[in-house]
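Subject: Structure handover

Hi,

Here is the structure for you to look through. My notes follow below it.

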Amino acid sequence: MNPGKGNIRVTAWSFAVVAGILQVWSSRFYIEPDAVNYLDIASAYRRGDWLAAINGYWSPLYSWLLLVLKQIFRPSAYWESTFLHLLNFLLFLLALSCFEFFFGRFLSLLRVWFPVVPMEEDIPEWAWWVMGYAAFLLAALRLITLKNNTPDMALAAWLFLATGLLIQIALNEGRIFLYHAAFGIVLGAAYLTKSVMFPLSFLYICAGASARAGVRKPDWRGLVALFTFVLVSLPFITALSVKEGHFTFGETGRTAYFDQVTGPSNESKPLHPMRKLSDQPSLYEYADSLRSTFPPWYDGGYWYAGVRFRFNLGNQLRAIGRSISSYFHIVSTEKEWIAGWLFLAIFAADWLDQSKRLFRLSFLWMPSLAMLSLYALVLVEPRYVAVPLAIVGIVLFASLPWPRITATRRLGTAVFLTIGITTGITLIRGAIPDLAACLHPTPHVQWLAAKQLEHLGLAPGDRVAVLGHTTVADYWAQLAGLRIVADVPVEAVSSYWEASPEKRAEIAASLSALGVKAFVSAVRPPPSAEWQPLGQTGYFVEILQNPIGIKSTSNK
């Protein structure tokens, strides 16, 4: 059996395109809360509202790409979410191209550094590519997915490209200064995609400087990468630091740590606290805060300004425990990879040689391991760790003692093919529901809800409140140009309906005083409530009478 590298590439690209299109089209109307904020930031850049556009929580590059996309194609409100998913599809194809660059360089490195690693007869190159493409497709389509409206696919492209350049630097071939410069630029783009890459980029740069001769003899040409990284990242860091009033490369980590690990110190008070208008039920107001669709999710740095850090060892250990559990779930789900590697490692049984190989390749897996460790301190989600897991897995296979394995002819090829086939079956099984969703399309619920609110007289810029706010995106409000300025959390919905009519009238009066024109909910109200459905969307609304400061647009 010799399908050849070219046939494997055609098969991988064909599968990637088809599976990617199915994911995109089946989820074209789905929008996450992250995407609503990125769209808000893109709108702020378009209107020149720099104070709202420079955001410490949401990194800028994805918003810039959305802005360019909207300026070029100018999609209607109905098709806006589809174009957002198409952007992720283009980033997916870019990530696949960057992976090919990385993996091609990786195989070249194995030929040079470990010439005993078989690439021809015992384990032909096409078998390695089967394993490589399977790792990429698993990471991109199963862990990251094109159903998410996040910059993780863009970061995947930068990480694969940066790792490929890192290998090129280690090979010490060609224009090394140029490779170092490109390395720093790519790391700068990665930082502008997700701020977690700012501290990690310095580790990548150190890995580049020590890739050839080790940490004891670093290559001073690594300073070129440092220079270009600073050149790319410094303008945004400067703008953000000026806005925040202190040096910062981003507020994402600090905000996530407060939300996921430990709360703020009791002795500190936020400079911009949300106002609680009611206790039973809970009603929060933020009308005069950030200009966005849903201000509480727009800029974590704004809400935690003035809050001091409080370290709690117990909370930190619990967070690490949750992360370990998440890693175990992610890795154990892909059993064929674990079984394949363990089988070959136990069969070869040369742990010393394997350790030596793994140590020599440490400049490749150490940055990925650092990323995995950094996320473990706060929160682990599959889309966060897909690429570092893929890189670490590929390096683990490459570090196996292949001379012992290839003593049994075609054993390694059989294992790679088994992994590739079982991974392909898993991906095909995941694509079947996407195909079914494409053949039985669902209505654009968020757009229909926005149109219904428009028919009821609400206009862009109007204020609304939400009853039963959850983690579901408020895309209907973004499409209609509405601002959510108050909400009753979903856990307080039952308290709201159990409250007396007088209490609910008091809440309505408080909202009217804020200029709120409508109370919107995705939770079905009791039959006795005077709420009206927004068509067949599953949303319901109560129109408030003559909100203060807002001219009534009701029909008489």
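The side chains of Ser 278 and Lys 503 make a polar contact of 3.4 Å. A polar contact is a pair of N or O atoms within 3.5 Å; within protein, one must be able to donate a hydrogen and the other to accept it, and residues adjacent in sequence count only if both atoms are side-chain atoms. This is a predicted model, where local features need pLDDT of at least 70 and side-chain atom pairs count only at pLDDT 80 or more, while totals for chains, interfaces and linings use all residues. Residues are numbered from 1 along each chain as its sequence is written, and side-chain values use heavy atoms, with hydrogens and water left out.

Ser 278 sits in strand 1 (residues 275-278). Helices (H or I, at least four residues) and strands (E, at least two) are DSSP runs, numbered from the N terminus. Is Ser 278 buried or exposed? Ser 278 counts as buried, because its relative accessibility is 4%. The cut-offs are these: buried is under 20% relative accessible area, exposed is over 50%, and partly exposed is in between (1.4 Å probe, protein chains only). Beyond its neighbours within four places in sequence, Ser 278 is in contact (heavy atoms within 4.5 Å) with Leu 283 and Lys 503.

Next, Asp 434. Its place is in helix 19 (residues 411-439). Asp 434 has a relative accessible area of 3%, so it is buried. Which side chains does Asp 434 meet in polar contacts? One is the side chain of Lys 147, at 2.7 Å. Another is the side chain of Ser 26, at 3.5 Å. Neighbours within four places in sequence aside, Asp 434 is in contact with Leu 22, Gln 23, Ser 26 and Lys 147.

Ala 477 is in helix 21 (residues 475-480). Its relative accessible area is 0%, so Ala 477 is buried. Leaving out neighbours within four places in sequence, Ala 477 is in contact with Thr 293, Leu 482 and Ile 484. Ala 477 and Arg 463 are 14 residues apart in sequence and 9.6 Å apart in space, C-alpha to C-alpha.

Leu 342 belongs to helix 14 (residues 335-348). Leu 342 counts as partly exposed, because its relative accessibility is 38%. From Leu 342 to Trp 79 there are 263 residues in sequence and 47 Å in space, C-alpha to C-alpha.

Now helix 4 (residues 60-73). Helix 4 has 14 residues and reaches 20 Å from its first C-alpha to its last, close to the 20 Å expected. The expected span is 1.5 Å times one less than the number of residues. Its buried residues are Pro 60, Leu 61, Tyr 62, Ser 63, Leu 66, Leu 67, Leu 69 and Lys 70. Their cover includes helix 2 (33-47), helix 5 (80-113) and helix 10 (222-244). After helix 4 comes Arg 74, with a positive phi near 45°.

Last, the largest pocket. It holds about 1400 Å³ of space. It is lined by 45 residues, and Tyr 57, Thr 252, Thr 255, Ala 256 and Tyr 384 lie nearest its centre. Which helix gives the most to this lining? Helix 11 does, with eight residues. On a 1 Å grid over the protein atoms alone, a pocket is an open set of points where a 1.4 Å probe fits, with protein on both sides within 12 Å along at least five of seven lines; lining residues have an atom within 4 Å of a point.

Notes. Points joined across faces, edges and corners; volume = space filled by probe spheres on them.
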